[in-house]
Amino acid sequence: MTFPLGPFPTSERLRFRLPSPNDAVFYQTLMSEPDYKRFIHDYGIDSPEDAATYIKSKSLVRFAAQGVGLWLVELKETGEPIGVCGLVVRKELKYPDLGFAFLSCHRGKGYGREAGQAVLDFSAGELNLRTLCAITHPDNDRSANLLLKLGFEPSGQRHLEEIGSTANYYVWKLRYVEAGLG
């Protein structure tokens with residue numbers, strides 16, 4: 001497998017990088033949190049070995065196949081991993097899907113918004129994407145509010161076979177605000 005070597009999104013406080021099997025303990029912790037299981041999916045990650053397998057067979061495979069995926073997000077100051085954020089290409093969706101998840105101890109500090117904005121800026125600037133989408137569990141008000149703050153607009157619901165459920169659907173379009181272009 002080959003993986004993109006960069007560039008990656010950047011922000012003031014956060015660094016984005018490819019996940020590695022060495023991040024297995026972090027992934028196990030993140031994917032075992034109740035909100036992750038409730039609002040995203042319960043992948044049955046019960047050990048660091050399960051998490052390393054997930055990273056190799058799912059996360060890194062997406063990067064190799066599509067050039068994008070969920071980057072590991074860490075604090076620049078300490079290198080501590082705090083979450084994942086990036087783009088998921090889904091066969092059932094017309095546009096790449098902005099996805100994110102952060103450890104509960106790092107929520108409410110603006111990291112989700114900062115990471116999401118960094119991925120939007122990267123998507124428009126480096127990938128030349130003009131439209132993205134996002135999906136959320138219908139009861140996930142926290143993620144829905146973050147998407148609205150990032151400029152996504154609600155666009156109904158979609159039933160996705162890939163996730164086996166119906167999700168709220170949001171769309172983001174790059175807006176030209178300079179020189180009266182839009």
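Isoleucine 40 sits in the loop that runs between α2 (34-39) and α3 (48-66). The model is predicted. Isoleucine 40 has a relative accessibility of 40%, so this residue counts as partly exposed.

**Around isoleucine 40**
- Leaving aside residues up to four places away in sequence, isoleucine 40 touches Asp35, Phe100 and Ala101.
- Aspartate 50 is 10 residues from isoleucine 40 along the chain. The C-alpha atoms of these two residues are separated by 17 Å.

**Overall fold**
- The protein has five helices and seven strands.
- Read from the N terminus, the order of elements is β-α-α-α-β-β-β-α-β-α-β-β.
- The radius of gyration is 16 Å, close to the 16 Å that the globule rule gives for 182 residues, so the protein is as compact as a globular protein of that length.
- The C-alpha trace spans about 55 × 35 × 35 Å along its principal axes.
- What share of the contacts with a separation of 6 or more comes from residues 24 or more positions apart? The share is 61%.

**Surface and charge**
- Of the 182 residues in the protein, 46% are buried.
- The protein exposes about 9600 Å². Carbon and sulfur atoms supply 50% of that area.
- There are 21 positive and 22 negative charges. Their mean positions lie 4 Å apart.

**Salt bridge between arginine 15 and glutamate 74**
- The count of salt bridges in the protein comes to 10.
- One of them joins arginine 15 to glutamate 74, with the closest N and O atoms 2.8 Å apart.
- Arginine 15 belongs to strand β1 (residues 14-17) and glutamate 74 to strand β2 (residues 70-75), so the bridge ties together parts that are 59 residues apart in sequence.
- Are the two partners buried or partly exposed? Arginine 15 is partly exposed, at a relative accessible area of 35%. Glutamate 74 is buried, at 7% relative accessibility.

**Salt bridge between aspartate 139 and arginine 38**
- Aspartate 139 pairs with arginine 38 in a salt bridge, and their closest N and O atoms are 3.8 Å apart.
- This pair links distant parts of the chain, 101 residues apart. Aspartate 139 is in the loop between β5 (131-136) and α5 (141-149), while arginine 38 is in helix α2.
- Aspartate 139 has 45% relative accessibility, so it counts as partly exposed.

**Salt bridge between glutamate 162 and arginine 62**
- Which side chain meets that of glutamate 162 in a salt bridge? The partner is arginine 62, at 3.6 Å from N to O.
- Glutamate 162 lies in the loop between β6 (153-160) and β7 (165-173), and arginine 62 lies in helix α3, so the pair ties together parts that are 100 residues apart in sequence.
- Glutamate 162 is partly exposed, with 41% relative accessibility. Arginine 62 is buried, with 17%.

Methods:
Residues numbered from 1 in each chain as written. Predicted model: local features only at pLDDT ≥ 70, side-chain atom pairs only at ≥ 80, totals over all residues. Heavy atoms only, no water. Helix = DSSP H or I, 4+ residues; strand = E, 2+ residues; numbered from the N terminus. Rg over C-alpha atoms; globule rule 2.2 N^0.38 Å. Buried < 20%, exposed > 50% of the residue type's maximum accessible area, 1.4 Å probe, protein only. Contact = heavy atoms within 4.5 Å. Areas by Shrake-Rupley, 256 points an atom, 1.4 Å probe, with all protein chains shown as cover. Lys, Arg positive; Asp, Glu negative; His and termini not counted. Charge placed at Lys NZ, Arg CZ, Asp CG, Glu CD. Salt bridge = Lys/Arg side-chain N within 4 Å of Asp/Glu carboxyl O.
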